[in-house]
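The structure comes next, followed by the notes.

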Amino acid sequence: MSPARPRIAVIGASAAGLAAAEGLRRLGWDGAITLVGDEPHPPYDRPPLSKQVLSGAWPPERTALRDAGQLAALGLDVRLGTRAVACDPARREVTLDDGEHTVLECAGVIVATGVRARTLPGTEGVEGVHVLRTLPDALALRRRLAEPGRRLAVVGSGVLGAEAAAVARGLGHRVALIGTQDTPMERVLGREVGELLGEVHRDHGVTLYPGRTVTAIAAGGGRARGVELADGTLVEADDVLVAIGSEPAVGWLRGPAAEAAGLDLSDGLGCDRHCAAAPGLYGAGDVARWYHPGLERRIRIEHRMNAGEQGLAAARNLLAELDGERFGQRRPFEPVPYFWSDQYDLKLHAYGVLAGARRTEVLRLGKDPLRLAALYGGPDRVTGVLGIGLTPRQARSLRPLAAASGTWEEAAARLAETLAP
């Protein structure tokens, strides 16, 4: 490694970016670490935005992942409110949009830029139309929901939309949940579990519009009045939350240098099993699509736990590439994915990969409140397991089921044993 390049740049002051920076220090990197974030805030936790922050249960400062003293102890060169606008993987250079067009010369780069919320065309500048990705997003919608008797239309019935709908109902507002699929969170949970979750939302007073497409935001006087559906229905609302998914933040990587390096930016930053996209260039968190050896395919995961784990893995493998004698050999990154969701009084825990399952087996344990466990996978293999309304002990015991190999019959037997009193 050239002594002229003692810097590692972590692009993205996110949970993944912070985990990478902390990992570099913990593993023994004593060179410079530059942490670049396009938001003015130090790294903060995003899952509480659609839950505790939106409901008003948490003040915004509680989302901070580390306090000022903890960040200072890492000895980072922190550049907040600054965007990376270009990367040359071959030269290991990153260009910043900081007013001076600074070029960082690096020993290595870790990309942790996450994703950006998708929006609906024609909504720019329309008051009352929201997305929910950043802390300012959550606070803007929270201010609206602090007013009594609001009507909220949630466009998108995935995890984020379902969580926000539950929070708004808990605050006493009228809520419409509109989704292109037939049930809430169907893409992840499947039809049968999605129907049960839909019943929970209906029981709490949410009006569901399943299998519907929003064609336009109804507006008047520069502010939202509701949404128009493809079948002509007008869903009246004071505020509209657009929760239709996200796009990996890789635009800044595009260009001749990326093409020359062979970067795959088709769905995030394409990486190998070590989280490497090119020599000296690694990806972590929501933006990274990497080859998972255990699943034998590339996956991209937008879950909080994966961000922390992959940030550390990227740091470890980058250091191993730079100096194998000092930092050891690179290791494949093959975690058991995990996510959770809070909706009303329910806690959902999911391990492994549920989306795209060709076979699902659901064990119903109770209706009021909803309690169940479910296995997901292909014809011959279980790849994921879900628990709703389980005890903490039961929920933790699901992880080995997603990690283990075996037949469906063996998995079902282990699940029954796990849930036995």
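By class, six nonpolar, two polar and seven charged residues line the second largest pocket; here Ala, Val, Leu, Ile, Met, Phe, Trp, Tyr, Cys and Pro count as nonpolar, Asp, Glu, Lys and Arg as charged, and the others, Gly among them, as polar. The model is predicted, so local features need pLDDT of at least 70 and side-chain atom pairs count only at pLDDT 80 or more, while totals for chains, interfaces and linings use all residues. Residues are numbered from 1 along each chain as its sequence is written, and side-chain values use heavy atoms, with hydrogens and water left out.

**Second largest pocket**

- The volume of this pocket is about 280 Å³.
- Of the 15 lining residues, Val200, Lys367, Asp368, Pro369 and Leu370 are the closest to the pocket centre.
- Two or more lining residues come from each of helix H6 (186-203), strand E25 (359-367) and strand E26 (370-377).
- H6 supplies the largest share of the lining, four residues.
- A pocket is an open set of points on a 1 Å grid over the protein atoms alone, where a 1.4 Å probe fits, with protein on both sides within 12 Å along at least five of seven lines; lining residues have an atom within 4 Å of a point.
- Grid points are joined across faces, edges and corners, and the volume is the space filled by probe spheres set on the points.

**Cis peptide bond**

- The peptide bond from aspartate 368 to proline 369 is cis, with omega near 5°.
- Proline 369 sits in the loop between E25 and E26.

**Overall form**

- The protein has 12 helices and 27 strands, taken as DSSP runs numbered from the N terminus (helices H or I, at least four residues; strands E, at least two).
- Its radius of gyration is 22 Å, close to the 22 Å that the globule rule gives for 421 residues, so the protein is as compact as a globular protein of that length. The radius is taken over C-alpha atoms, and the rule is 2.2 Å times the number of residues to the power 0.38.
- The C-alpha trace spans about 65 × 60 × 40 Å along the principal axes.
- Of the 421 residues, 51% are buried (under 20% relative accessible area; exposed is over 50%, partly exposed in between; 1.4 Å probe, protein chains only).
- Of the contacts (heavy atoms within 4.5 Å) between residues at least 6 apart in sequence, 62% join residues at least 24 apart.

**Nonpolar cores**

- The largest nonpolar core has 60 residues, and Leu24 and Ile110 have the most contacts inside it.
- Helix H8 (residues 304-322) gives the most to this core, seven residues.
- Beyond its neighbours within four places in sequence, leucine 24 is in contact with Ile8, Val10, Trp29, Ile33, Ile110, Ala315 and Leu319.
- A core is a set of buried Ala, Val, Leu, Ile, Met, Phe, Trp, Tyr and Cys residues joined through side-chain atoms within 4.5 Å.

**Positive phi**

- Histidine 101, in the loop between strand E5 (93-97) and E6, has phi near 55°, a positive value in a residue other than glycine.
- Histidine 101 counts as exposed because its relative accessibility is 53%.
- Cysteine 275, in the loop between strand E18 (269-271) and strand E19 (276-278), also has a positive phi, near 75°.
- Cysteine 275 counts as buried because its relative accessibility is 0%.
- Most residues other than glycine have a negative phi, and most peptide bonds are trans.

**Buried residues**

- Glutamate 22 lies in helix H1 (residues 15-26) and is buried, with a relative accessible area of 13%. Not counting residues up to four places away in sequence, glutamate 22 touches Arg66 and Leu74.
- Alanine 107 is in the loop between strand E6 (103-105) and strand E7 (108-111). At 4% relative accessibility, alanine 107 is buried. Its C-alpha atom is separated by 22 Å from that of aspartate 38, 69 residues apart along the chain.
- Alanine 164 belongs to helix H5 (residues 159-170) and is buried, at 0% relative accessibility. Leaving aside neighbours within four places in sequence, alanine 164 is in contact with Ser50, Leu54 and Leu241. Alanine 164 and valine 175 are 11 residues apart in sequence and 9.5 Å apart in space, C-alpha to C-alpha.
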